[in-house]
Amino acid sequence: MKNVIIGIGEILWDVLPSKKVLGGAPANFAYHASQFGFDGYAVSAIGKDALGKEIIDELAKRKLHYHIETTDFPTGTVQVTLDGNGVPHYEICQDVAWDNIPFTPKTEELAKNACAVCFGSLAQRNKLSRETIQRFLDAVPSEALRIFDINLRQHFYSKDIIEQSLSKSNVFKINDDELHVILPLLGLETMNETQAGKVLMKKYNLRYLIITKGAIGSYVFDNNDCSYLNTPKVQVADTVGAGDSFTGAFAASLLKGKSLKEAHELAVQVSAFVCTQHGAMPILPDSFVNLLRN
């Protein structure tokens, strides 16, 4: 496989109290993976508007590859408010460009060359993008990492979308709040985190399961082991994109041949650093990036 890591789904502007910043979990993931020497691609859609042009300009500035289709729908935006701990709350606009991502020959070609792809539930709220994402996953090589970073937002999810996505994944990432939402949907509400983790691993034939617990810590399961690490104490600027940076660093580490524990350790350190920065796509220090240099 080539050196291609892809985030497919929403790309948008996070409109923060003081400014707007480029956002969307799949693009954040691709950007952070690209900092470790991979060819990161954002696959999504924009509108024929100034905000769409600004997204392309921003991706170029960050040297992130992209396959972004232009549609007749407006470029996506999200109103972001931060609580006293810097934790974001989102108001997500509907009927926007990333709800209408088409499946094209270029999209299929990217899928066939991917060593990892990350996707979520949010961009599957609309039929067209959902079908594109599912077709994309079907075209990805069987040995590639197929990461379902569930990313529950507002009411934009369903049991069917969650189960279908899990069936096409080999890595599942979820935070503890989201876990408590989906366990009743999957009939697992009586289980604690570690019990649920083991059941989910077996039921959906996963290679890895990640459960993050914000400022507390995180679990990573594989078929033989479970790693738990505390979250480092840092001065938080905001937590926007921290989870995506965790996923990007974890995937990059595995693809560079690191063990589960090594990948987990780097992911925790990277996400803690991102929490100290404003916005979802800060440049990572060389001390992190050099850990995966060949």
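**Close-ups of a predicted model**

**View 1. Strands S4 and S5, side by side.** Strand S4 (residues 39-47) and strand S5 (residues 65-71) run parallel and are joined by 7 bridges. Helices (H or I, at least four residues) and strands (E, at least two) here are DSSP runs, numbered from the N terminus, and two strands pair if DSSP finds at least two bridges between them. Look for Ala-42 opposite Tyr-66 in S5, and for Gly-47, whose bridge partner in S5 is Thr-71. This is a predicted model, where local features need pLDDT of at least 70 and side-chain atom pairs count only at pLDDT 80 or more, while totals for chains, interfaces and linings use all residues. Residues are numbered from 1 along each chain as its sequence is written, and side-chain values use heavy atoms, with hydrogens and water left out.

**View 2. The β-α-β unit and Glu-58.** S4, H2 and S5 make up a right-handed β-α-β unit; right-handed means that, with the strands pointing away from the viewer, the path from the first strand over the helix to the second runs clockwise. Glu-58 sits in helix H2 (residues 50-61) and, at 14% relative accessibility, counts as buried. Buried means under 20% relative accessible area, exposed over 50%, and partly exposed in between (1.4 Å probe, protein chains only). Not counting residues up to four places away in sequence, Glu-58 touches Trp-13 and Leu-22, contact being heavy atoms within 4.5 Å.

**View 3. The whole open sheet.** Here 9 strands line up as S5-S4-S1-S8-S9-S10-S11-S12-S13, with mixed pairing. S5 and strand S13 (226-230) are at the edges with a single partner strand each, so one side of each has no neighbour in the sheet. Neighbouring strands are turned by 15 degrees against each other on average, direction ignored. Axes are lines fitted to C-alpha atoms, for helices over the stretch in contact, and angles run from 0 to 180 degrees between N-to-C directions. Helix H9 (residues 260-275) lies across S11, S12 and S13, at about 25 degrees to S13.

**View 4. Gln-124 in its loop.** Gln-124 is in the loop between strand S8 (114-119) and helix H4 (127-139), and is buried at a relative accessible area of 0%. A polar atom of its side chain lies 2.9 Å from the backbone oxygen of Gly-120. Leaving aside neighbours within four places in sequence, its contacts include Phe-119, Arg-130 and Ile-161.

**View 5. Helix H1, tucked in.** In H1 (residues 25-34), 10 of the 10 residues are buried, so the helix is largely enclosed by the rest of the structure. Among them are Phe-29, Tyr-31 and His-32.

How values were computed
Polar contact = N/O pair within 3.5 Å; in protein donor to acceptor, adjacent residues only side chain to side chain.
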